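Here is a short report on one model. Look over the sequence and the fold, then read on.

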Amino acid sequence: MDSTQELERSYHFDLYRRLPVTLVKGKGIYVWDSNGDKYLDFLSGIAVNALGHSHPAIVKAIRIQSQRLIHTSNIYYTIPQARLAKLLCGLSGYERVFFCNSGLEANEAAIKLARKTGNQKGKMGPIVSFTGAFHGRSVASISMGSEKLQKGFAPLPAGFLKLPFNDLKAAKENINKDTIAVFVEAVQGEGGVIPAQKDFITALHQHCRENDVLLIFDEIQTGFGRTGNLFGHMHFGIKPDIITVAKALGGGFPIGAVLTTDEISRGFTYGDHGTTFGGNPLACSVAEAVVTTIINKELIENAQKQGIYLLSRLEKMTRKLSVVNEVRGIGLMVGVELKVPCRPIMIKMLERGFLVNCTSEKTIRLLPPLIVRKREIDSLVKNLYRVLSREKI
Ligand SMILES: Cc1ncc(COP(=O)(O)O)c(C=O)c1O
């Protein structure tokens, strides 16, 4: 254990099962630890560093804006916030945006907005989410998440209902005119990289329409090119009423947002919601730089192309490995489900110089930056194969 790890262990809340490395710098798809060892980053700070590390566009935006104006509060207008609002509405096809600082804050705002609009229509029913979902760690967000997250935090707030994922029958039986909203992910990331089925989403969308229920897509992990489309919902040919975004939007700088129609946004009136830091000029300048770089450098197309390549390489590899249960995913959001716990595999990959993630106990999750190239994928697959081929079941 190095001195940083000792300090951290002594003073920080004991909340994270951290891996035994202290990362000190990053460039592109690589990061380095305090011993000078180099790692190929196939996690991107959990789908955040879409442009990789220290991308010049981000560095430049931070440099220029931090010398100009960092924070003002939302009592005043600022140029970067107005510019980012226009950019995101133009790209997404929504008409209004609310800025905050993180994923869970975006979901919290969406929950409040949904309840406010629902209450105005006389609805007092639940907000529906699905098994395997992850929407953050606030008290409201864990109420929509797995039992594991909820344990020990009773009493949880009322007004949330969990239904089985990809189960249309259960959705139709339980979602009705009193339901306020439905929260869904295009691909459940924390839940083990489980894609929503197209038939399920299109029928759910239709059912929500017929019952005047808001359909909210949590695009916090899937947004901004991760799945090979600007947003995950675009794979289903539907448009949700509300989407929540964060993670890749800031490329590493904290920012979140809620996007919706003009009409739905009017559910909130002056004083209903707000934030001190959300949408500050520095975060918005960085986000504008990130989003324009993703679009201009055709990184969504790259995510789609490299995602297909990564999946095909993994599928080919796993045909020879009995330890693998399934390979699945879309774009650069890929899971390798094992028959054994994945944490030891994650540690062995770290020792070989690769950052990968282990989610829902048995699924290796791969979330490389959108700038990833074929040769880096080849290197990852070769090393993962070597590690997995030594595993016994
Ligand atoms: C789908 C989804 N929603 C919400 C969140 C919560 O975001 P944050 O950690 O920024 O609060 C996450 C984080 O992993 C997520 O993947």
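## The sheet

Seven strands make up an open, mixed sheet, in the order S4-S12-S11-S10-S7-S5-S6. Strands (E, at least two residues) and helices (H or I, at least four) are DSSP runs numbered from the N terminus. Two strands pair if DSSP finds at least two bridges between them. Strand S4 (96-100) and strand S6 (160-163) are the edges; each has a single partner strand, so one side of each lacks a neighbour in the sheet. From one strand to the next, the twist averages 20°.

Strand S10 (residues 214-218) pairs with strand S11 (residues 242-245) in the parallel sense, over three bridges. Phe217 stands opposite Ile243 in S11.

## How the model is read

This is a predicted model: local features need pLDDT of at least 70, side-chain atom pairs count only at pLDDT 80 or more, and totals for chains, interfaces and linings use all residues. Residues are numbered from 1 along each chain as its sequence is written, and side-chain values use heavy atoms, leaving out hydrogens and water.

## Helices across the sheet

Helix H5 (residues 103-120) lies across S4, S5, S6, S7, S10, S11 and S12. H5 runs at about 160° to S11. Helix H9 (residues 198-210) lies across S5, S7 and S10, at about 145° to S10. Contact here means heavy atoms within 4.5 Å. Axes are lines fitted to C-alpha atoms, for helices over the stretch in contact, with angles from 0 to 180 degrees between N-to-C directions.
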